Amino acid sequence: YKGADGKVYQTSDFVPYTIFSLWDTYRAVHPLYTLIDTRNADYVNSLLAIYDQQKSLPIWHLAANETSCMVGVHSIPVIVDACLKGFSGIDVERAYQAVKSIREMNDNGLDFVRNQEYIPADKISWSVARALEYAIDDYAVAQLAKHLGKEDDYQLFMKRSKYYAHYFDSDSGFMRGKLADGSWRLPFDPSHSLHMEDDYVEGNAWQYTWLVPHDPQGLVKLFGGKKQFVEKLDSLFIVSSELNEGASIDITGMIGQYAHGNEPSHHVAYLYNYAGQPHKTQKRLHEIMTTLYTDKPDGLCGNEDCGQMSAWYVFSAMGIYPVNPASGIYVFGKPMINKAILKTGDNPFIIEAHNLNENNIYIQSVKLNGRNYNKLYITHQDITQGGHLEFEMGSE
């Protein structure tokens, strides 16, 4: 096969793959693969081979070419997630040496992350979007460092994973572009977007303010507590959906300023769980699944992006979702199907929703293997061991 350096390679160790739309697919597609696909080691080894060949981590790999499309270095959470979930055939130490290389990268604002903790909006385009995505990557590196007993690296990358806080303006309650002198970029309109030309990528401040899936509790604290967090999150879904002329055409699937048609919003409805109001998560998920997905030719409200729009639905219809895609945790949402069977390992994992209909959209109780279950999530280990998860649904 043709490698990322243009040379021809032969391998019997793994099957090489390409077309990794990682900015999209790290969120739900690859976590779904860890449950339903047997080729995860091949995917990860493909990413590691690309790293060896092009001397940098893959960002958006297309037919032996690095397109560097979009922001973040999201081969990292894909590699880390597979390592932490224990897939055989992956050299975990080799994987770690690859993912930790983000610390030495200089492109696209990463030199600013290393040297001054934030990316100045007047120096680098898309500064907020880049930085929030890098923080997610850094969190993933930290988790693999912890797994391997590399405490110093763990502390370093956990510190970097919290740099998202530099962009939060407590006065306005939004993530904003910060200039080199430390001041906020002006003028500021949270609904404003200019495709390819502002501090966000295919979005605006309304959508990007929530892009902290690796530390929702930290984001709640930035808002001043659960009450303020929920009030702001409520407003996201009810403010005007109007966008300015020249706004990114990728901002679609609107409910207020929530934009389901683009990936940075895909975890947002689940965030109510972290503020003690899971019923609001369930209400919004029901609305999204019943109004923004259909079986018609235009049944997706945004670009499918190599499976992300559909993977979101597959997870959400089962009633679970990987809010933090490198955590091994699936957060409860609102099931749309009566029964799903996941064939992982030796024993199947069965998910059932009892008394489910168009009116009964709220989870009343949960049982795991016949016993009452009070958590708002289930782990990957729970699923792969096999078992029976039951949701009892009701109308309020």
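This is a predicted model: local features need pLDDT of at least 70, side-chain atom pairs count only at pLDDT 80 or more; totals for chains, interfaces and linings use all residues.

Student: At what angle do α5 and α7 pack, and how far apart are their axes?
Tutor: Helix α5 (residues 92-99) and helix α7 (residues 127-147) pack at about 145°, and their axes are 10 Å apart. The crossing of α5 past α7 is left-handed.

Student: Which residues make that contact?
Tutor: From α5 they are Val92, Tyr96 and Val99, and from α7 they are Val141, Leu144 and Ala145. By class, the contact has six nonpolar residues, with no polar and no charged ones.

Student: And α3 with α5: how do those axes cross?
Tutor: The axes of helix α3 (residues 40-54) and α5 cross at roughly 55° and come within 11 Å. The two helices are therefore oblique to each other. The crossing of α3 past α5 is left-handed.

Student: Which residues of α3 and α5 meet there?
Tutor: Asn45, Leu48, Ala49, Tyr51 and Asp52 of α3 meet Arg94, Ala95, Gln97 and Ala98 of α5. The classes in this contact are five nonpolar, two polar and two charged residues.

Student: Moving on to the core. Which residues have the most contacts inside the largest one?
Tutor: Those residues are Phe229 and Ile378, in a largest nonpolar core of 117 residues. Helix α7 supplies the largest share of this core, with 13 residues.

Student: What is Phe229 in contact with?
Tutor: Apart from neighbours within four places in sequence, Phe229 contacts Trp210, Leu219, Val220, Phe223, Leu271 and Ala275.

Student: Which residues are buried in α11, the helix of residues 226-236?
Tutor: The buried residues in α11 are Phe229, Val230, Lys232, Leu233, Ser235 and Leu236. They pack against β4 (174-175), α9 (205-208), α10 (216-223), β5 (254-255), β6 (258-259) and α12 (278-291).

Student: Why is α2 described as largely enclosed by the rest of the structure?
Tutor: Six of the eight residues of helix α2 (residues 29-36) are buried, so the helix is largely enclosed. The buried residues are Val29, His30, Pro31, Leu32, Thr34 and Leu35.

Student: Now some loops. Where is Ile251?
Tutor: Ile251 is in the loop between α11 and β5, and at 6% relative accessibility it counts as buried. Beyond four places in sequence, Ile251 is in contact with Ser193, Glu202, Gly203, Asn204, Gln207, Leu243 and Ala259. The C-alpha atoms of Ile251 and His195 are separated by 9.8 Å, although these residues are 56 residues apart along the chain.

Student: Which residues does the cis peptide bond join?
Tutor: A cis peptide bond joins Leu186 and Pro187, with omega about -5°. Pro187 is in the loop between β4 and α9.

Student: Where does Ser68 lie?
Tutor: Ser68 lies in the loop between β2 (65-66) and α4 (75-84). Its phi is near 55°, a positive value in a residue other than glycine. Ser68 is partly exposed, with a relative accessible area of 41%.

Student: Last one: what is Tyr373 in contact with?
Tutor: Tyr373 contacts Phe332, Val366, Lys367, Leu368, Ile378 and Asp382, leaving aside neighbours within four places in sequence. Tyr373 lies in the loop between β12 (371-372) and β13 (377-379) and is buried, with a relative accessible area of 13%. Tyr373 and Phe391 are 18 residues apart in sequence and 9.9 Å apart in space, C-alpha to C-alpha.

Methods:
Residues are numbered from 1 along each chain as its sequence is written. Side-chain values use heavy atoms; hydrogens and water are left out. Axes are lines fitted to C-alpha atoms, for helices over the stretch in contact, and angles run from 0 to 180 degrees between N-to-C directions. Helices (H or I, at least four residues) and strands (E, at least two) are DSSP runs, numbered from the N terminus. A crossing is left-handed if the near helix is turned anticlockwise from the far one by less than a right angle, and right-handed if clockwise. Contact means heavy atoms within 4.5 Å. Ala, Val, Leu, Ile, Met, Phe, Trp, Tyr, Cys and Pro count as nonpolar, Asp, Glu, Lys and Arg as charged, and the others, Gly among them, as polar. Angles under 35 degrees count as roughly parallel, over 145 as roughly antiparallel, 65 to 115 as roughly perpendicular and the rest as oblique. A nonpolar core is a set of buried Ala, Val, Leu, Ile, Met, Phe, Trp, Tyr and Cys residues joined through side-chain atoms within 4.5 Å. Buried means under 20% relative accessible area, exposed over 50%, partly exposed in between (1.4 Å probe, protein chains only).
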